Amino acid sequence: MKKMMYDINEFPPIGKAIILAFQHVFAMFGATVLVPILVNSAAGKEVLTIPVALVASGIGTLIYIACTRGKSPVYLGSSFAFIAPLAAAYLKGGISGAMTGIMAVGLVYVIVALIIKFVGKNWLEKLLPPVIIGPMIIVIGLGLAGSAISNIGLTADSVFNWKNLVVASVSFLVTALTMTRAKGFLKVIPFLIGIVSGFIIASILGMIDFTPIKQASWFSLPKFVIPFVNYKLNFTALLTIVPIALVTICEHIGDHTSLSNIINKDLIKDPGLDKTLMGDGIATFVAGLIGGPANTTYGENTSVVGMTKVASVKVIGLAGIIAIILGFLGKFTALVSLIPAPVLGGVSLLLYGFIAVNGLKVLIKNQINFEDNKNIAIASTMLVIGLGGTTISIVSGNMNLVISGMSLSAIIGIILNLILKSDVK
């Protein structure tokens, strides 16, 4: 492997750098803008906005680069793991409960980063083995399955609409075909291509009113939501969101390990897991501070690095700046906000299943032994609690803490792993 192929200090000629930066923007775009749309769909109200999500993504990436001292070419985007917990937190505690939870997630990252700095990371591997991480990811994916079907309009209480079915089918098939047959960069952005294809068909069928684009200004200030300005801190839904951070921390480690293999540099050692987690944590805290979703490392952008063989942190930073600029383009964000529900439903059929299958891959890759009754007890209990819609409310005075199925599933899995003994020698 030629070192020059993956020189993180390289900044290609400006023209090439801009093209590479836009490739990273396109790679993250579909997933990043989907998160606020899907959270709002799940909650039935506006919880997040696309402009703020884009700005939070760009700012978060720049914060990460600063914390890692420009030694890690990672892009941060909106995390899918928090879609259902964010919607649940909003329904329990409003925007204050949701954003307080996101900021708390960022603080958890920071605390874990500090512990790793002084103690190491072995404790984290013992606390969260693959038998917990796998089922948790499955719960995150399948827990959203109902939302995909609802967006298509195929639930028992919905009225059949052939246009919805056509648009959803096109979105689904184009995404699936892109995932399986596309070459090069197109293979990295299947969900974006699926969304664009579904959008075009929906517009042809007269399902989209473009009036909001005409009414939108070219430049507009994103709808930031600031604590103590727009709301007061609210801890009622904290336990609904925070436990999910344990899963995304493991995702963080996995993505950095994968990128390390691509660029032939161990990012876990240099700049170090403590610094990468610190960057991710501060980025997520700032995202919550301005009303955005939690950030996470993006495998799509890791794929771009592998495909282009350019791991320039400066290019990643330029992509972050472009994302921030896009968040202030009123007509552009108005266009994105017009994506019809059937388009989202068709793409989500694959997206949510894709998340769940990644959980299965964790179990398979780590060769989890299900002849061991301990592993069966942990995985089966987590799946039933996580997918069964379990909710526990802890009321104490004016405090009402709510633990939803996903979070409770993670907590129970950790407890079972600590108290149960393996029956296989």
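A: The term denotes a side-chain nitrogen of Lys or Arg within 4 Å of a carboxyl oxygen of Asp or Glu. This is a predicted model, in which local features need pLDDT of at least 70 and side-chain atom pairs count only at pLDDT 80 or more, whereas totals for chains, interfaces and linings use all residues. Residues are numbered from 1 along each chain as its sequence is written, and side-chain values use heavy atoms, with hydrogens and water left out.

Q: How many salt bridges does the structure hold?

A: Side chains of opposite charge can pair when their charged atoms come close. The structure holds 3 salt bridges. In one of them, lysine 223 meets glutamate 46 at 3.0 Å, N to O. Lysine 223 lies in the loop between helix H9 and helix H10, and glutamate 46 in the loop between helix H1 and helix H2, so the pair ties together parts that are 177 residues apart in sequence.

Q: Is lysine 223 buried or exposed?

A: Buried means under 20% relative accessible area, exposed over 50%, and partly exposed in between (1.4 Å probe, protein chains only). Lysine 223 counts as exposed, at 54%, while glutamate 46 is partly exposed, at 47%.

Q: Which residues touch the most other members of the largest nonpolar core?

A: Such a core is a set of buried Ala, Val, Leu, Ile, Met, Phe, Trp, Tyr and Cys residues joined through side-chain atoms within 4.5 Å. Here the largest has 116 residues, and Phe80 and Met136 touch the most other members.

How values were computed. Helices (H or I, at least four residues) and strands (E, at least two) are DSSP runs, numbered from the N terminus.
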